[in-house]
Amino acid sequence: MPVLPYSPLRCRNCRSVLNPFSVVDFEAKIWICPICFHRNHFPPHHAASISPDTLPPELFPQYTTVEYQQDDASSPSPLTCLFVVDTCLLEEEIDFLRSTLSQAMHLIPDTSLVGLITFGSFVQVHELGFPHLPKTYVFNGSKEHSRDSLLDHLGFFLKKPRPPSGVIASVRDGLSPDAISRAPHSFSA
């Protein structure tokens, strides 16, 4: 995995990072975000040398993960992991999946933020930070939902501040590998 000596190139709209799935227009010196399809200009140090033959490392297909060298002055943001799980599996596979997710939780640092979305016939967004009172938002998979209705249902209002806890949780919020293994409702189709 390469360590890049500069800050990541982020989409101005959704803040995702330049990656191999981004579409690049070499003549206009722009890249199109694969998440929100927003057109972003390359900064001068990239635009001067970018061409189909001289790609920045973020665009190499084998580098779906890169590391950026942080300035000592900036505090690094916590590792964020979002598990998106297909639950249309056999019972043995579900048990293996639970075991694998539990192992993954042991490998993630305590300061990490973790989210869980499961999908089968329904899409379920799980609030992991409340082990004694689990909360799951359930959406019908056959119905189309708008972005605004999803934000409204999940409690993320555009004009209000972000809730102090919610869909993304960390160990300091009570999330543990045991919380995933104790949650049989989390993996039902």
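Here, buried means under 20% relative accessible area, exposed means over 50%, and partly exposed is in between (1.4 Å probe, protein chains only). The model is predicted, with local features needing pLDDT of at least 70 and side-chain atom pairs counting only at pLDDT 80 or more, while totals for chains, interfaces and linings use all residues. Residues are numbered from 1 along each chain as its sequence is written, and side-chain values use heavy atoms, leaving out hydrogens and water.

Most residues other than glycine have a negative phi. Lys-29 has a positive one, near 60 degrees, and Phe-37 has one of about 65 degrees. Strands here are DSSP runs (E, at least two residues), numbered from the N terminus. Lys-29 sits in the loop between strand E2 (23–25) and strand E3 (30–32), and Phe-37 in the loop between E3 and strand E4 (39–41).

| Residue | Relative accessibility | Class |
|---|---|---|
| Lys-29 | 26% | partly exposed |
| Phe-37 | 62% | exposed |
| Cys-11 | 0% | buried |
| Cys-33 | 0% | buried |

What about disulfides? A disulfide is a pair of cysteine sulfur atoms within 2.5 Å, and by this rule the count is zero. The sulfur of Cys-11 has its closest cysteine sulfur in Cys-36, 3.5 Å away, so that is too far for a bond. For Cys-33 the closest is the sulfur of Cys-14, also too far at 3.5 Å.

Both Cys-11 and Cys-33 belong to the largest nonpolar core, which has 10 residues in all, including Leu-9, Trp-31 and Phe-42. Such a core is a set of buried Ala, Val, Leu, Ile, Met, Phe, Trp, Tyr and Cys residues joined through side-chain atoms within 4.5 Å. Apart from it lies another core of nine residues, Leu-97, Leu-101, Met-105 and Leu-128 among them.

Finally, a pocket: on a 1 Å grid over the protein atoms alone, an open set of points where a 1.4 Å probe fits, with protein on both sides within 12 Å along at least five of seven lines; lining residues have an atom within 4 Å of a point. The second largest pocket is lined by 25 residues, with Pro-8, Arg-10, Val-17, Val-66 and Tyr-68 nearest its centre.

Conventions
Helices (H or I, at least four residues) and strands (E, at least two) are DSSP runs, numbered from the N terminus.
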